[in-house]
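I opened this structure to look up a handful of residues and the contacts around them. My entries follow in the order I made them.

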Amino acid sequence: MPTTQGVQILRDTARAAFWQGWDNFPSITDKLAYVMDSNSDQETYAWLAYAPSVREMSGSKLKQAIPEISFTVKNKLWEATTTVPYLTWKYNKNGAIAKLAEETGKKARAHRDKIISLNLMDVADSTACYDTQFFFDTDHSDPGAAYTTSQSNDITQAAASTTIPVDTEVASGIAKAISQLRTFKDGAGDPVTYGALTPGMIEVHHSVGTGGDLNALVEKVANAEYLTGAVSNPVRNLFTPVFNPYLSAVDELYVFNTGASRKPFILQIAEDVTMEDDFGGETEFNTKDRSFGSFGCYNAAYGDWRSGVLVTFT
């Protein structure tokens, strides 16, 4: 059996590499989600739908009833555990343990992006949010609200080829989405977006597209002064392109206002990610192998649909 000191050295090496991998991995969804603490197996969110509009006082004050929006998010357990064979950890050639631990940390950090992108964003045009409509839909309205006019955050952009749009079509779609973000109203009929939507506020998430074409086009449109045919670019420097590897659609763009007070997603954390191991434990005694990995208890859910617009090329 290894010495206690040897076990601690190996544990410290693995932990340092794990957190290095975690810290060095850039999140692609951190601006899109509220982070909410949880102290139970599930949390119920009871939102007051909107603030009332200011009115001229005539006589006594008008006490306005505001509808409550309620939904529940259940926490889930997540883990990724690796068993390291005896001869691998004993000799640890080429820093194998540290490299594996660093990659484990990266994947643990990326998992939050994955559940927000794959489980929510990628299916948001076919999955209901708090108002019982799909998150991206053409007929949103807050239940019980004073303002009942239907609102759409699911728009289309004409394209000669839906799978490989050209740069002018991509630019037009993004411009339409940014304009649409400015139109949204809350349940009282008041606008939810004020002032300029700066480049740091607008993110355009997209897949790689067919053969990488969509990714290349969005990157080009973000910075190019002129587009095909010497056309002036209407959205130059107005948004941040975000290649999202978890998105599958080759004909869609997801345009988000990250500066909105209500975010499009919720990241609920009951137990933040930790690195755990059984170094020196029963498994090592029985098999001489050692195991380590990540563990966390959290989940993600839809937030406010007014923070995002889906553009589909048709």
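**Entry 1: a buried lysine**

I looked up Lys 263 and found it buried yet without a salt bridge; the nearest side chain of opposite charge, Glu 203, is 9.1 Å away. For my own use I noted that buried means under 20% relative accessible area, exposed over 50%, and partly exposed in between, with a 1.4 Å probe and protein chains only. A salt bridge is a side-chain nitrogen of Lys or Arg within 4 Å of a carboxyl oxygen of Asp or Glu. For charge, Lys and Arg count as positive and Asp and Glu as negative, while His and the chain ends are not counted.

This is a predicted model, in which local features need pLDDT of at least 70 and side-chain atom pairs count only at pLDDT 80 or more, while totals for chains, interfaces and linings use all residues. Residues are numbered from 1 along each chain as its sequence is written, and side-chain values use heavy atoms, with hydrogens and water left out.

I placed Lys 263 in the loop between strand 10 (252–257) and strand 11 (265–277). Helices (H or I, at least four residues) and strands (E, at least two) are DSSP runs, numbered from the N terminus. What does the side chain of Lys 263 reach? The side chain of Lys 263 reaches the backbone oxygen of Thr 258 at 2.4 Å. Beyond its neighbours within four places in sequence, Lys 263 is in contact (heavy atoms within 4.5 Å) with residues including Lys 31, Tyr 34 and Asp 304.

**Entry 2: salt bridges**

I then turned to the salt bridges, where the count comes to 6. One of them is formed by Arg 112 with Asp 272, the closest N and O atoms being 2.1 Å apart. Arg 112 lies in helix 3 and Asp 272 in strand 11, so this pair ties together parts that are 160 residues apart in sequence. Arg 112 is buried, at a relative accessible area of 9%, and Asp 272 is partly exposed at 41%.

Asp 167 and Lys 220 also meet through their side chains in a salt bridge, 2.8 Å from N to O. That pair links helix 4 (residues 167–181), which holds Asp 167, to helix 5 (residues 213–223), which holds Lys 220, 53 residues apart. Asp 167 is buried at 2% relative accessibility, whereas Lys 220 is partly exposed at 36%.

Asp 304, listed above as a contact of Lys 263, forms a salt bridge with Arg 306 at 3.3 Å between the closest N and O atoms. Salt bridges that share partners also join Arg 11, Arg 15 and Asp 277 into one network.

I found His 206 in strand 6 (residues 202–206), buried at 0% relative accessibility. Not counting residues up to four places away in sequence, His 206 touches several others, among them Leu 214, Pro 241 and Phe 243.

Gly 308 lies in strand 13 (residues 308–313) and is also buried, at 0%. Gly 308 and Asn 153 are 155 residues apart in sequence and 6.7 Å apart in space, C-alpha to C-alpha.

**Entry 3: positive phi**

Most residues other than glycine have a negative phi. I noted Ala 230, with a positive phi near 60 degrees, in the loop between strand 7 (226–227) and strand 8 (231–232). Ala 230 is exposed, at 64% relative accessibility. Asn 237 has a positive phi of about 60 degrees and is partly exposed at 42%.

Note on methods. A polar contact is a pair of N or O atoms within 3.5 Å; within protein, one must be able to donate a hydrogen and the other to accept it, and residues adjacent in sequence count only if both atoms are side-chain atoms.
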